[in-house]
Amino acid sequence: MIKEIIIKYWKTIYNSQVCIFVSFNVLAFIYYWNDSAHQYFNKGIEEINLQSIFSLIMTYLFIIFILIIFIYPLIYIKQLLSLRSDKENSKKSI
């Protein structure tokens, strides 16, 4: 089921991944140069201001991309094994 969805919407998935990755890089670059926001990184919002909200967004983005770094290779390996088993099954049926 997932395979059919990925095949059907591959271009949309690819474009969304590229947009998210580029926006993350732009935000990370801005965050790198914004030294006053570093004091709020990985903390709850104690005082609400632009720096703390920006830092909270960056914290969540870092968490999401760390999860992607660990989960994406597992999904990729699963897809490769699935394709390999499909290929072997097609050879056996011939």
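View 1. Helix H1 (2-8), helix H2 (10-33) and helix H3 (50-93) each supply at least two residues to the lining of the largest pocket. The model shown is predicted. H3 contributes the most to this lining, with eight residues. In total, 17 residues line the largest pocket. Nearest its centre lie Ile13, Tyr14, Gln17, Ile68 and Tyr72. The volume of the largest pocket is about 580 Å³. By class, its lining holds 14 nonpolar and three polar residues.

**View 2. H1 and H3 each supply at least two residues of the lining of the second largest pocket.** This pocket holds about 290 Å³ of space. H3 provides the largest share of the lining, seven residues. The residues lining the second largest pocket include Ile2, Lys3, Ile6 and Ile7. Also among them are Ile75, Tyr76, Lys78 and Gln79. Leu80, Ser82 and Leu83 belong to the lining as well. Sorted by class, the lining of the second largest pocket has seven nonpolar, two polar and two charged residues.

**View 3. A nonpolar patch lies on the surface.** Its members are Trp10, Tyr14, Val18, Val22, Val26, Phe29, Ile30, Tyr32 and Trp33. Together they have about 1000 Å² of accessible area. Tyr14 is a member of this patch, and Tyr14 is also one of the residues nearest the centre of the largest pocket.

**View 4. Trp10 is an exposed residue of the patch.** Tryptophan 10 is found in helix H2. Its relative accessibility is 54%. Tryptophan 10 therefore counts as exposed, since the cut-off for that class is over 50%.

**View 5. Met58 is a buried residue.** Methionine 58 has its place in helix H3. Its relative accessibility is 0%. Methionine 58 therefore counts as buried, since that class covers values under 20%. Leucine 27 is 31 residues away from methionine 58 along the chain. The C-alpha atoms of methionine 58 and leucine 27 are separated by 7.5 Å.

**View 6. The whole protein has three helices and zero strands.** From the N terminus on, its elements run α-α-α. The protein has 94 residues. Buried residues make up 13% of them.

Technical notes: Residues are numbered from 1 along each chain as its sequence is written. This is a predicted model: local features need pLDDT of at least 70, side-chain atom pairs count only at pLDDT 80 or more; totals for chains, interfaces and linings use all residues. Side-chain values use heavy atoms; hydrogens and water are left out. On a 1 Å grid over the protein atoms alone, a cavity is a set of points where a 1.4 Å probe fits but cannot get out, and a pocket is an open set with protein on both sides within 12 Å along at least five of seven lines; lining residues have an atom within 4 Å of a point. Grid points are joined across faces, edges and corners, and a volume is the space filled by probe spheres set on the points. Helices (H or I, at least four residues) and strands (E, at least two) are DSSP runs, numbered from the N terminus. Ala, Val, Leu, Ile, Met, Phe, Trp, Tyr, Cys and Pro count as nonpolar, Asp, Glu, Lys and Arg as charged, and the others, Gly among them, as polar. Patches are made of residues with over 30% relative accessible area and no salt bridge: like charges are joined within 9 Å, nonpolar side chains (Val, Leu, Ile, Met, Phe, Trp, Tyr) within 5 Å. Accessible areas come from the Shrake-Rupley method with a 1.4 Å probe; for residues, only the protein chains shown count as cover. A salt bridge is a side-chain nitrogen of Lys or Arg within 4 Å of a carboxyl oxygen of Asp or Glu. Buried means under 20% relative accessible area, exposed over 50%, partly exposed in between (1.4 Å probe, protein chains only).
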